[in-house]
Amino acid sequence: MSHREHLSWPFFTAAHVALAERLDHWAAQHVASLHSGDADADCRALVRVLGEHGWLAHAVAGRGHGGAEEVIDTRAICLLRETLARHNGLADFAFAMQGLGSGAISLEGSADQRARYLPRVARGEAIAAFALSEPESGSDVAALSCVARRDGAQYVLNGEKTWISNGGIADFYVLFARTGDAPGARGISAFIVDADAPGFEIAERIDVIAPHPLARLRLVDCRVPATQRLGESGAGFKLAMRTLDVFRTSVAAAALGFARRALQEAMARVTTRSMFGGVLADFQLTQAKLADMALTIDSAALLTYRAAWRRDAGHAVTKEAAMAKFAATEGAQRVIDAAVQLWGGMGVVHEVPVERLYREIRALRIYEGASEVQQLIIARELLKGHVAPPSPTTAHP
């Protein structure tokens, strides 16, 4: 099963196909073997090389600010993430966070904000981060408690953020805080906080099963100019959701990349592993497992690229993106688990490709909306369009 078969699907233009094939060749040469064990150093190196070779231009919007297009091409970032993930999970992470971390600036940044940040992001000269989650506010974003108080020409920020990807190495953070304009989601605003802002500190580095830069942030009377606010005061929640909406489908694409690599590794193993006078692939149980893996991947890929195509066509994709993320991340977990099983004892040896994939996939079922949240979104969208039938009337004799 070729990892390029899906490029012939009608979702893609010739430019998309050429982009994916070009990155596949490039990634095999530049990032496939980059695993030094130092996640911070590797991530910095990957951001730099991705920027130098022009790939990060697809993660930002606006040709005048270093972007490949005026608006972010969802299919392009999905194909890029899928390809990078298949070669190197941290390369996918580095690319994705440049997009997610600067996405709100692409969407709502002032001319000055876009000019100061986006070209450096596209060139790999500045590392971006997206600071939304808090110790008591993860899936329930509207419950965040970090506050920003206006003080003349500045805002004073106090609170904590956690599970922040690129935390500790980012040059700036798009950070969301409560400005008190209104209760709940309506009282949240967005800010660009530079890493050297007074009162901003890295409270704790967080070590997870698939190492990548991650931290808890602390803001103690952190002062930022009012010109660093992104968009209107009180409009931060909608901006956060719009930013996530751009990139949520690409999480599904990254999961596809992991799953395709797992199937590739499984195929190599079962066709060469000697077993009872033949090879492991000769057994029907093995063949059934391979069939399930391929079916799971193609099903998720169809959902993923349907969502990306619809978004690029200008349609709302709340339900479609949730379906794609849920199906692709949950499915990739099953595919990778099957690959580990087919590898046998070697499958759990540290840094064997399927073992690394087993650790890398787990977080994707949680971040940018846990699987359970995606299920709630899908059901909510279904119920929106449902018209209840009239209540049956009681028949009288």
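This report covers helix packing, nonpolar cores and selected loop residues in a predicted model.

## Basis

The model is predicted, so local features need pLDDT of at least 70, side-chain atom pairs count only at pLDDT 80 or more, and totals for chains, interfaces and linings use all residues. Residues are numbered from 1 along each chain as its sequence is written, and side-chain values use heavy atoms, with hydrogens and water left out.

Helices (H or I, at least four residues) and strands (E, at least two) are DSSP runs, numbered from the N terminus. Axes are lines fitted to C-alpha atoms, for helices over the stretch in contact. Angles run from 0 to 180 degrees between N-to-C directions.

Helix H3 (residues 74–87) packs on H4 at about 150 degrees, with the axes 6 Å apart. H3 is therefore roughly antiparallel to H4. The cut-offs are under 35 degrees for roughly parallel, over 145 for roughly antiparallel and 65 to 115 for roughly perpendicular, with the rest oblique. Contact means heavy atoms within 4.5 Å. On the H3 side the residues are Ile77, Leu80, Arg81, Leu84, Ala85 and His87; they meet Gly89, Ala91, Asp92, Phe95 and Ala96 of H4. By class this gives 7 nonpolar, 2 polar and 2 charged residues. Here Ala, Val, Leu, Ile, Met, Phe, Trp, Tyr, Cys and Pro count as nonpolar, Asp, Glu, Lys and Arg as charged, and the others, Gly among them, as polar.

H3 also packs on H7, at an angle of about 150 degrees and with axes 8 Å apart. That makes this pair roughly antiparallel. Thr74, Arg75, Cys78, Leu79 and Glu82 of H3 meet Tyr305, Ala308, Trp309, Arg311 and Asp312 of H7. The contact of H3 with H7 has 5 nonpolar, 1 polar and 4 charged residues.

## H6 against H9

Helix H6 (residues 236–270) and helix H9 (residues 353–362) pack at about 155 degrees, with their axes 10 Å apart. H6 is thus roughly antiparallel to H9. H6 passes H9 in a left-handed crossing. A crossing is left-handed if the near helix is turned anticlockwise from the far one by less than a right angle, and right-handed if clockwise.

H6 contributes Ala255, Phe258, Arg261, Ala262 and Glu265 to the contact; H9 contributes Pro353, Val354, Leu357, Glu360 and Ile361. These residues divide into 7 nonpolar, no polar and 3 charged.

## Nonpolar cores

A nonpolar core is a set of buried Ala, Val, Leu, Ile, Met, Phe, Trp, Tyr and Cys residues joined through side-chain atoms within 4.5 Å. Buried means under 20% relative accessible area, exposed over 50%, and partly exposed in between (1.4 Å probe, protein chains only). The largest core has 74 residues, and Leu157, Phe172, Phe176 and Val193 touch the most other members. Helix H4 (residues 89–108) supplies the largest share, 9 residues.

A second, separate core holds 45 residues, including Phe11, Met293, Tyr305 and Ala308. In soluble globular proteins, nonpolar side chains tend to be buried together.

## Buried positions

Ile297 sits in helix H7 (residues 284–312). Its relative accessibility is 3%, so Ile297 counts as buried. Its C-alpha lies 6.8 Å from that of Ala259, 38 residues apart along the chain.

Asn88 lies in the loop between H3 and H4. Asn88 is buried, at 1% relative accessible area. Ala281, in the loop between S10 and H7, is buried at 18%. Leaving aside neighbours within four places in sequence, Ala281 contacts Val270, Thr271, Thr286 and Gln287.

## Loop residues with positive phi

Phe276 has phi near 50 degrees, a positive value in a residue other than glycine. Phe276 is in the loop between strand S9 (274–275) and strand S10 (278–279). Its relative accessible area is 78%, so Phe276 is exposed.

Glu351 has phi near 75 degrees, again positive in a residue other than glycine. Its place is the loop between helix H8 (318–343) and H9. Glu351 is partly exposed, at 34%.
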